[in-house]
Amino acid sequence: MPSIVAVLADESHFARMRAYGSFAFDDHAVYLRQLEGLLRALTAQQIHARVALFDSVDYELFCQEERLDPDTPESRARYVAQLATAGTTLPYQGQGIGQLLPQLRDAHACRVTWQTGAEVLARAGACARCGADIGKAAFDRAARAVTLLLEEAGDGNHHLVASVAVPGAPLVTALDVRGTSQGRLHAHESAALALTTALAAGFATAAAGGLVLRTDGEGSGQDVVRGWSLAPRRCWLRPLSASEVFSAYCTDPVTREPVAPEPGVDHAPGFDLPHPGGGLHC
């Protein structure tokens with residue numbers, strides 16, 4: 001039978017669980033080593049294992065809703081069973097814990113972004129004039145924008161980051177794409193869906209935001225960074241100039257203080273993407 005293994009990936013969640021007497025671990029590093037040993041043992045027994053993130057705060061809320069004592073192994077087992085059906089899980093494929101945890105965090109972040117963005121699109125309603133579904137129209141437009149951008153980017157390895165200031169729930173998500181010389185694009189489906197949904201939420205709500213594309217220089221050793229901002233009135237992407245890209249890339253997003261430019265990076269203007277015409281709010 002398959003096995004679901006939930007992991008306390010962050011020390012803060014691990015420390016919170018230590019308050020329970022039935023929780024047997026007191027050192028996070030030792031805990032992670034033993035968990036990796038468990039996963040390898042399951043693989044050796046040819047048991048398919050999937051890994052989920054154990055969120056200590058969410059666990060407490062789960063126990064409150066289900067009227068369970070959180071300080072028991074049985075309650076933790078029920079929470080993990082719930083994660084198996086409603087949470088983010090990844091198949092264990094023999095990777096080390098140092099590689100597994102970032103993969104799991106990324107997958108979880110993608111799921112949260114997609115869920116939040118989908119809720120925003122669902123609340124967008126219909127156009128007051130024509131009755132069209134704004135959420136669907138925004139998603140179609142976002143998918144078109146991402147496709148055009150990546151087609152223009154061409155072959156090579158690309159890293160795309162979207163940041164959208166949706167009211168109450170800012171969305172930030174990333175997508176790694178490999179373009180081949182045959183014109184094919186390879187990307188993780190859930191990450192592509194999350195980024196497209198985030199961009200669509202920005203179009204649907206006329207929110208501020210931006211998109212950054214970093215292309216691996218490979219042979220040249222010089223990566224190229226390009227950028228676009230969301231143009232709320234046009235519900236599209238406005239290409240940034242090279243100086244705007246440099247300013248955005250070399251400014252701390254929290255303090256707004258300038259940071260030193262990264263060596264080996266060329267700041268280039270964004271591509272001009274042809275507008276599909278019309279608007280979302282006719």
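Visitor: At what angle do H5 and H7 pack, and how far apart are their axes?
Guide: This is a predicted model. In it, H5 and H7 pack at an angle of about 30°, and their axes are 8 Å apart.

Visitor: Is that crossing left-handed or right-handed?
Guide: The crossing of H5 and H7 is left-handed.

Visitor: Which residues make the contact?
Guide: On H5 they include Cys110, Thr113, Trp114 and Gly117. On H7 they include Ser190, Ala191, Leu193 and Ala194.

Visitor: And by class, how many are nonpolar, polar and charged?
Guide: The contact of H5 with H7 has twelve nonpolar residues, five polar ones and no charged ones.

Visitor: Switching to pockets. What volume does the largest pocket have?
Guide: About 760 Å³. The lining of that pocket comprises 27 residues.

Visitor: Which of them lie nearest the centre?
Guide: Asp106, Ala107, Cys110, His188 and Ser190.

Visitor: Which element gives the most to the lining?
Guide: H5, with eight residues. E3, strand E5 (171–179), strand E6 (185–187) and helix H7 (189–205) each supply at least two, as does H5.

Visitor: How does the lining divide by class?
Guide: Into twelve nonpolar, twelve polar and three charged residues.

Visitor: E3 was in that list. What sheet does E3 belong to, and in what order do the strands come?
Guide: An open sheet of three strands, in the order E1-E2-E3, with mixed pairing. Strand E1 (3–7) and strand E3 (89–91) are the edge strands, each pairing on one side only. From one strand to the next the twist averages 30°.

Visitor: Do E1 and E2 run parallel or antiparallel?
Guide: Parallel: five bridges join E1 to strand E2, residues 49–53. Within that pair, Val5 stands opposite Val51 in E2.

Visitor: Which strands does H4 touch when packing on the sheet?
Guide: Helix H4 (residues 73–86) touches E1, E2 and E3, and its direction makes about 105° with that of E1. Helix H5 (residues 97–123) also packs on the sheet and touches E1, E2 and E3; the direction of H5 makes about 65° with that of E2.

Visitor: Last one, the hairpin. How many residues lie between E8 and E9?
Guide: Four residues, and Cys235 in the turn has a positive phi of about 50°.

Visitor: In which sense do E8 and E9 pair, and over how many bridges?
Guide: Strand E8 (residues 223–231) and strand E9 (residues 236–239) pair in the antiparallel sense over four bridges.

Visitor: What stands opposite Trp228?
Guide: Pro239 in E9.

How values were computed
Residues are numbered from 1 along each chain as its sequence is written. This is a predicted model: local features need pLDDT of at least 70, side-chain atom pairs count only at pLDDT 80 or more; totals for chains, interfaces and linings use all residues. Side-chain values use heavy atoms; hydrogens and water are left out. Two strands pair if DSSP finds at least two bridges between them. Axes are lines fitted to C-alpha atoms, for helices over the stretch in contact, and angles run from 0 to 180 degrees between N-to-C directions. Contact means heavy atoms within 4.5 Å. On a 1 Å grid over the protein atoms alone, a cavity is a set of points where a 1.4 Å probe fits but cannot get out, and a pocket is an open set with protein on both sides within 12 Å along at least five of seven lines; lining residues have an atom within 4 Å of a point. Grid points are joined across faces, edges and corners, and a volume is the space filled by probe spheres set on the points. Ala, Val, Leu, Ile, Met, Phe, Trp, Tyr, Cys and Pro count as nonpolar, Asp, Glu, Lys and Arg as charged, and the others, Gly among them, as polar. A crossing is left-handed if the near helix is turned anticlockwise from the far one by less than a right angle, and right-handed if clockwise.
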